[in-house]
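Here are a few exercises on aromatic rings and strand pairing, each with a worked solution. Grab your viewer and try each task before reading on.

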Number of protein chains: 2
Amino acid sequence: MISQKWKKLVKSLHQKKYRDQEKLFLVEGEKPILELLTSNFHIEKIFVTDLFLKRNPNFLQDFEILSASELAQISAMENNQMALAIVRQYENKPLYPDNNIILALDNIQDPGNLGTILRICDWYGIRKVVCNNQTVDLYNLKVINASKGSFLRVQCFYTNLQNYLKYCVENFSEALIYASTLQGKSVYEIKFQKPAILIMGNEARGISKDILSYVKQEISIPRPKGGGAESLNVAIATAIIVDKFFQNFK
Amino acid sequence: MISQKWKKLVKSLHQKKYRDQEKLFLVEGEKPILELLTSNFHIEKIFVTDLFLKRNPNFLQDFEILSASELAQISAMENNQMALAIVRQYENKPLYPDNNIILALDNIQDPGNLGTILRICDWYGIRKVVCNNQTVDLYNLKVINASKGSFLRVQCFYTNLQNYLKYCVENFSEALIYASTLQGKSVYEIKFQKPAILIMGNEARGISKDILSYVKQEISIPRPKGGGAESLNVAIATAIIVDKFFQNFK
């Protein structure tokens with residue numbers, strides 16, 4: 001039986017306010033938790049069901065057994081029948097340009113988008129993502145789930161993006177600042193340079209004005225003739241631009 | 001006040017079973033409904049709130065006014081404060097290869113993925129999507145919402161995909177059948193041909209075996225050195241492949 005103390009803690013961690021306060025977050029489901037064990041994240045507590053233990057008989061970590069219905073009571077997922085972990089957040093440390101690309105996010109609101117963007121970064125070997133403070137919380141369970149384990153390999157730094165860019169312009173002047181906008185140069189014609197910072201903006205409003213003044217090169221994805229959609233989803237646009245970036249250096 | 005009859009109908013349309021039975025579906029929110037009015041879709045009924053009428057004073061369509069709380073009661077969305085329409089489904093008509101690309105979906109399960117894929121198709125001017133019968137329902141509100149209006153411009157045909165491909169091989173032999181798999185030729189090296197059918201598979205299991213036998217060219221997106229993610233999200237992979245396809249014909 002889960003104690004009231006743990007129950008209360010887990011349920012509080014569904015909310016950002018308490019995640020921030022406790023510096024903890026939740027990871028749910030079999031695969032994410034097995035992947036978590038291979039990472040450097042500090043795990044405070046693991047709850048598993050009998051089903052999980054049956055499927056993972058050699059599970060060596062300390063754990064507490066819950067019934068499926070107890071797990072359902074504390075889970076933030078619709079259908080988690082396996083396991084839940086309470087995990088310590090990593091320190092929000094500054095990430096600076098190196099000889100790769102940094103992704104900078106300006107007000108990404110949808111957790112599925114942030115998770116998918118982390119997965120794209122992971123795929124291409126981008127290890128640093130800088131988020132403005134209004135971007136959706138990395139530790140939101142929907143972000144964690146959509147990232148499919150990529151949150152373990154891609155680091156995020158939440159900050160005032162405007163100040164961050166100002167600092168980079170002054171101290172890392174070799175880093176070229178790109179941004180995805182509607183009136184930029186075609187992504188198919190740009191010769192990308194490294195190190196780079198690529199800024200992707202809010203789903204509806206794009207990049208904020210106060211951010212744009214730091215941008216050296218605006219990038220657009222031109223819509224082919226016959227195309228009808230007003231825009232692409234921000235994760236899709238990120239993938240297309242990042243893919244071109246890496247093709248450039250092959 | 002909304003009548004019990006309408007209330008019951010709207011709520012029933014949250015479920016696929018009743019959508020199938022009534023051949024109706026729901027569109028919710030201000031922007032999707034304004035876009036809907038410019039399309040050929042047959043609208044059975046529109047419910048709007050005062051807020052919607054305030055923002056759209058020249059709205060000419062027949063409508064019924066609801067209070068925000070009445071709308072919240074029948075809405076399938078978390079936060080729809082504007083409008084809801086009951087719309088007639090279009091006929092499930094066969095779509096055959098022409099001098100473009102057809103996207104074929106084999107068991108796409110996540111509604112967000114299907115919606116995003118429709119938006120990608122719309123952007124690139126792909127007008128035909130063939131879904132196997134196990135693919136998530138186009139008329140699921142999460143699909144409609146994620147498509148950002150692209151469901152109005154991209155047609156879907158649900159069918160037995162195996163039989164469909166067999167028919168195409170026999171009757172449209174000029175159409176090249178591509179599929180995204182883990183062991184295909186690099187997307188960066190393929191010289192694409194038209195007409196084409198591009199098959200994208202299930203989020204976890206990829207393309208079914210019985211489908212693979214119809215494929216002429218398997219395509220993979222090679223993971224760059226230093227990349228960590230096991231795979232890309234299926235909508236992201238679709239975008240990268242479709243983008244390459246259209247670059248090929250520029």
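**Exercise 1.** Find how many aromatic pairs there are over all chains, then classify the pair of A:W6 and A:F47.

*Solution.* Keep in mind that this is a predicted model. A search of the whole structure gives 34 aromatic pairs over all chains. For A:W6 and A:F47, the ring centres are 6.1 Å apart and the planes make an angle of 75°. Centres within 6.5 Å make a pair, and planes over 60 degrees apart count as edge-to-face, so that is the class here.

**Exercise 2.** Work out the class of the pair B:Y178 and B:F192, and say where each residue lies.

*Solution.* Start with the geometry: 5.2 Å centre to centre and 50° between the planes, which makes the pair tilted. Then locate the partners: B:Y178 is in strand β8 (residues 176-186) of chain B, while B:F192 is in the loop between β8 and β9 (196-201) of chain B, 14 residues apart. Buried means under 20% relative accessible area. B:Y178, at 2%, is therefore buried, and B:F192, at 4%, is buried too.

**Exercise 3.** Describe the surroundings of β9(B): which strands pair with it, and are its faces covered or open?

*Solution.* Take the neighbours one at a time. Strand β5 (residues 101-106) of chain B runs parallel to β9(B), joined by six bridges; B:L103 has B:L198 as its bridge partner. β8(B) also pairs with β9(B) in the parallel sense, over four bridges, and here B:L176 partners B:A196. Now turn to burial: six of the six residues of β9(B) are buried. Both faces are covered, with B:A196, B:L198 and B:M200 on one side and B:I197, B:I199 and B:G201 on the other.

Notes. Residues numbered from 1 in each chain as written. Chains lettered and ligands numbered in written order. Predicted model: local features only at pLDDT ≥ 70, side-chain atom pairs only at ≥ 80, totals over all residues. Heavy atoms only, no water. Phe/Tyr/Trp six-rings, centres within 6.5 Å; stacked < 30°, edge-to-face > 60°. Helix = DSSP H or I, 4+ residues; strand = E, 2+ residues; numbered from the N terminus. Buried < 20%, exposed > 50% of the residue type's maximum accessible area, 1.4 Å probe, protein only. Pairing = 2+ DSSP bridges.
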